[in-house]
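Please keep the sequence and the structure in view while reading.

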Amino acid sequence: MSEQSPEQTMDNLNKTTTGASDIATEKEFLDNIRQNIDAVDCEIQTLINNRAKLAQQVAMVKKNHIAADDSSNPIFYRPEREAQVLKAVMERNAGPIADEKMARLFREIMSVCLDLEAPQRIAFLGPIGTFTHAAALKHFGKAADTVPMTTITDVFREVEAGTAMYGVVPVENSSEGVVNHTLDGFLSSTLKIIGEVELPIHQNFLVAEHTKIDGLSRIYSHQQSLAQCRHWLDVNFPNVERVAVSSNGEAARRLKNEWHSAAIAGDVAAAEYDLHKLYSNIEDNPSNTTRFLIIGHEAIAPSGQDKTSIVVSAHDKAGALIEILKPLSYHGVSMTSIETRPERPNKWAYVFFIDMNGHVNDPNVSAAINDIRPLVKDLRILGSYPKAVL
């Protein structure tokens, strides 16, 4: 049978519905569809390799440029460019694959291509299998070399030292609030925010192949995950001991040698430790989301949909915060969040972390920041970066 388009194949198949009992005819149509799939696969593979070759050409141009200018280092990862590509993918997508799933496919293609240009080493708050690990994979793709760190401070140090190109740290959770250790990290670091990741937090009830479900006596997880699944656990496993451990990744790891235990963790932990999801999405709040920051050294160009983060050290006087916020309102800049932290080592002094919509290169954002500067002791721009796309 000659090769047909998917539309022609489906049209012919619909016309023969009344003769569906004809097994030979049905097999012929299925064979034709599979031949079409094979042909499309060949085209996809060729196009992906062509894209990879173009990425290698980009790398060559950058390396040649740097060779002529020893004063700078080549930058291969461009967050604003990736954000623009992923948004364009979703805008032109016509289905049947959902927009976000299509963008995730392209994220992995881009990850592999970037790895050809220059392998990326990404530090994240570990251990392996945590939600921060999942955020790192979501943002950089699975081709990146993701390296777990013990603490948030270690992530900052790894990037500052240049041992890792970028770092991934949690900054706030929609249920639990801000992660103070991350905010404090910026007070003693010159690193910039170059991107963000928003990750829906879905908890799974995990068991190992050798787990005896009827004999469960212990459930491991991070204390926050245990709290987020309290109602579900009360209903389904009210008499099983709940043991808080340092991370969900650690909870999953412990199942390797225990037949009487289960763990609560995410999809990445399940895959990393080869565990079975006995129950999925057991969190009490299905809209629970954590925001992560990508930290690095370079300033990021506008992507068209950006955020800017600043940290402000205010004068100790009445109405100081109101003074700081007035320029934002005057210039039409939308503030998305504000957090307060102690200004160490000064006693009873505080700094404000402020997120706003827009890029520092936008005239209204730039004007607002310039108007705030003379009103405060110090103002530092932590970064302008693309809003989370996926």
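## Overall build

In this predicted model, the secondary structure of the protein comes to 13 helices and 15 strands. The C-alpha trace spans about 85 × 60 × 40 Å along its principal axes, and of the 390 residues in the protein, 44% are buried. When contacts between residues at least 6 apart in sequence are considered, 76% of them join residues at least 24 apart.

## Surface and charge

The accessible surface of the protein comes to about 20,700 Å², and 52% of this belongs to carbon and sulfur atoms. There are 38 positive and 50 negative side chains, and the centres of these two sets lie 5 Å apart.

## Aromatic pairs

The structure holds nine aromatic pairs. One of them is edge-to-face, because the rings of Tyr-77 and Tyr-166 have their planes at 65°, with their centres 5.2 Å apart. Tyr-77 lies in the loop between helix 2 (23-67) and helix 3 (79-92), whereas Tyr-166 lies in strand 3 (residues 166-173), so the pair ties together parts that are 89 residues apart in sequence. Both Tyr-77 and Tyr-166 are buried.

The rings of Phe-205 and Phe-237 have planes at 5° and centres 4.7 Å apart, so this pair is stacked. Because Phe-205 lies in strand 6 (residues 204-207) and Phe-237 in the loop between helix 9 (230-236) and strand 8 (241-245), the pair ties together parts that are 32 residues apart in sequence.

## A charge over a ring

The charged end of Arg-92 sits over the ring of Phe-106, at 6.0 Å from the centre of that ring.

How values were computed:
Residues numbered from 1 in each chain as written. Predicted model: local features only at pLDDT ≥ 70, side-chain atom pairs only at ≥ 80, totals over all residues. Heavy atoms only, no water. Helix = DSSP H or I, 4+ residues; strand = E, 2+ residues; numbered from the N terminus. Buried < 20%, exposed > 50% of the residue type's maximum accessible area, 1.4 Å probe, protein only. Contact = heavy atoms within 4.5 Å. Areas by Shrake-Rupley, 256 points an atom, 1.4 Å probe, with all protein chains shown as cover. Lys, Arg positive; Asp, Glu negative; His and termini not counted. Charge placed at Lys NZ, Arg CZ, Asp CG, Glu CD. Phe/Tyr/Trp six-rings, centres within 6.5 Å; stacked < 30°, edge-to-face > 60°. Lys NZ or Arg CZ within 6 Å of the ring centre and 35° of its normal.
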